[in-house]
Amino acid sequence: MATSENERGTTLRAHVDLPLAVDRHSPVALAVQVADQLRDAMRGGGLRAGERLPSSRALAALLGVSRTVVTDAYQQLYAEGWLDGRRGSGTYVADIPATPVARAVSAVPVVQAGPADPADPFAPVEAGLVDLRAGRPWVLGHDAAAWRRAWRRAGDAPPDDRPDPRGHPDLRALLADHLRTARAVPVGPESVLVTRGTGHGIDLFAASLLAPGARAGVEEPGYRVARHVLRARGAEIVPCPVDDQGVIVDELPDDLDVLYTTPAHQFPLGGRLPVARRERLLAWSRRTGALIVEDDYDAEFRYDVAPLPALYGLDPSRVVLLGTLSKSLSPDVGLGWLVAAPELLAKVAARRKLLGDRTSGPVQRAVTTLLRRGDLDRHLRRMRLEYARRRAAVVEILGPLVKGDTAGLHVLVELPEEAVGPLVEEARARGVLLDTTVRHHHGPVRVHGLVLGYGSASLADVRRGCAVIRELAGDL
Ligand SMILES: Cc1ncc(COP(=O)(O)O)c(C=O)c1O
C-alpha cells in the first residue's frame, strides 16, 4: 500500500482498502449506508486512529454514487466524533478510545505490546540471559559486505514470471558442486531441487512420495519437526530407537515405507552413524523397499574426526538427501535442497507444481551469488573455527558429562532423570536457558539430560553457561 507523509512527518497510509458497497434497493439512504459501514470498520479495527480515508471524490467514484452521498456520510461521522478533518487537507480517523462494545465486536484482534511472556516460545530472549538451547546458529559472524552484495545482485534481474519448480538452474548447479566438494556426494544439477529448508523438504517428500497412512519411521528421540510434518501429511509415526551411534538398524521393523534419519549427527543424541551401520541400513532399505530420508542438517561441522560418506552417495536409489542453510547461514534465509534420483525428483517437482509451491526467486539469486563468489565457503571455514572453539570450551568445562560432540552445533549432557528438572530451573534462575531431551521424545523418555546448543551464544557466554551447569551438576 502506498504511504505518504503528512505535515507532521508521521507516515500514514495514503488510503485504506475497505470492502464498502451500497445497496440501491435498500430503504436505507445511501449516505447512511456508507456512514454505517465506515463506523463499523472503525469500531472493528479495520480502520485505525490516524488512518486517512479516501477523498470524497475518489470514494464516490469507487462506489458509483454521487459525491454528496460521501460528503454527507463523512459529515455525519465528523459530527459523531469518529473523523478528524483538521490535520492538513485529508480526512482521518479520529483517536477515540475503543469502547467496551467496540472491543467485543472487534474483528481484528489487537495485540498489546507488553513484557515478554515466559511461556511464549517465540518471545525474544531477554537481554543478559545465556541461551544454550539447541537449534540456532551464530548469525553475527557473516561477512556484511558479501551479504549486502548478494542482495544487491538479487535485485539486478527482474522477477521470473514462471519459476521452475525445481529451482533456478544456476543455483542447482552450484549446490551440486557444493555437495560434491563439501559432502563428497557425486551429483549433478538434475538430482537437486531447491527447497525452503529441511522441514519443507520433508513436507515435499511426503506430499509427493508417500501415500496417506504410510508408515514413517522416525528416530526416537528425534527431530520433532519431522514427526509433525509427516503426521500432518497423513503418515503413521513409528518411533525407531537410537543409541549413541545413531539409529539401531537391527531393531528397524520390516514394514516401514520410509525412515527419517540424521546419520551425520543424530538429533538430539549426537551420534555419527558408523560406516558398517550405514551399509546395514541401506541393505535393510533394499530388502524392505522402504526409502530413507537423510537429514544432513549440520553436516558441514565436524571436529577431529574423518568425514563419513553421506548415505545418498552410497546408494542414490534408496535415499532422499535433505540439506539446509539453516545451520551454515541462518534459518531466516529459508533455503535448502532436496537431492534424489532424477525419477524421484521429477515426481517431487511435478507434485510441487500442482501444489503451487515454490522457493522465493530473489532468495535463490542471493544464495547463488554467495555460492558463486565463494562467500559461503569462506563463511563456513570461519564458522568451523568459531564453533570448534565453543565446542572445545563445552568439553573442557563439562568433561565426561558430554556426549555426541564430534559434529554439529549441539551436544548431549546426560544426567540422572531426577537431576534434570531442578538443574534446569536453578540454571534459569542464574540466567542460563537450557533445553532437555524430554520434548524430543515421541514416547516415554529413554534418555535423560540436556540438549546443549553452543551455536547462538558467544564463546564467553558458552563458558559462563557451562560453568553454571558444572557447578549445579556437582558430583554427578
Ligand atoms: C534435526 C534438524 N534438522 C533440520 C533442521 C533445520 O531445519 P530447517 O532447514 O527447516 O530450518 C534442524 C534445526 O534445528 C534440526 O535440528
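I searched the whole structure, a predicted model, and found 32 salt bridges. I counted a salt bridge where a side-chain nitrogen of Lys or Arg lies within 4 Å of a carboxyl oxygen of Asp or Glu. I number residues from 1 along each chain as its sequence is written, and side-chain values use heavy atoms, with hydrogens and water left out. Local features need pLDDT of at least 70 and side-chain atom pairs count only at pLDDT 80 or more, whereas totals for chains, interfaces and linings use all residues.

*Entry on Asp-40 and Arg-43.* I looked up this pair and recorded a salt bridge whose closest N and O atoms are 3.9 Å apart. Both residues belong to helix α1 (residues 30-44), and because they are 3 residues apart there, about one helical turn separates them. I took helices as DSSP runs of H or I with at least four residues and strands as runs of E with at least two, numbered from the N terminus. Asp-40 is partly exposed at 47% relative accessibility, and Arg-43 is partly exposed at 35%. For these classes I used under 20% relative accessible area for buried, over 50% for exposed, and partly exposed in between, with a 1.4 Å probe and protein chains only.

*Entry on Arg-215 and Asp-255.* I noted a salt bridge between these side chains at 3.1 Å, N to O. This pair links distant parts of the chain, 40 residues apart: Arg-215 lies in strand β8 (residues 215-220), and Asp-255 lies in the loop between β10 (246-247) and β11 (258-261). Arg-215 has a relative accessible area of 23% and is partly exposed; Asp-255, at 43%, is also partly exposed.

*Entry on Glu-386 and Arg-389.* I found their side chains in a salt bridge at 3.2 Å, N to O. They sit 3 residues apart in helix α13 (residues 375-398), so they are separated by about one helical turn. I also recorded a network in which salt bridges with shared partners join Arg-149, Arg-373, Asp-375 and Arg-378.

*Entry on the sheet.* I traced an open sheet of 3 strands in the order β3-β5-β4, paired antiparallel. Its edge strands, β3 (52-53) and β4 (83-84), each pair on one side only. Two strands pair if DSSP finds at least two bridges between them; 2 bridges join β4 to β5 (residues 91-93). Leu-83 stands opposite Val-93 in β5.

*Entry on domains.* I listed domain 1 (5-93), domain 2 (144-374) and domain 3 (377-473), with bounds from an automatic or database domain assignment. The C-alpha centres of domain 1 and domain 2 lie 52 Å apart.
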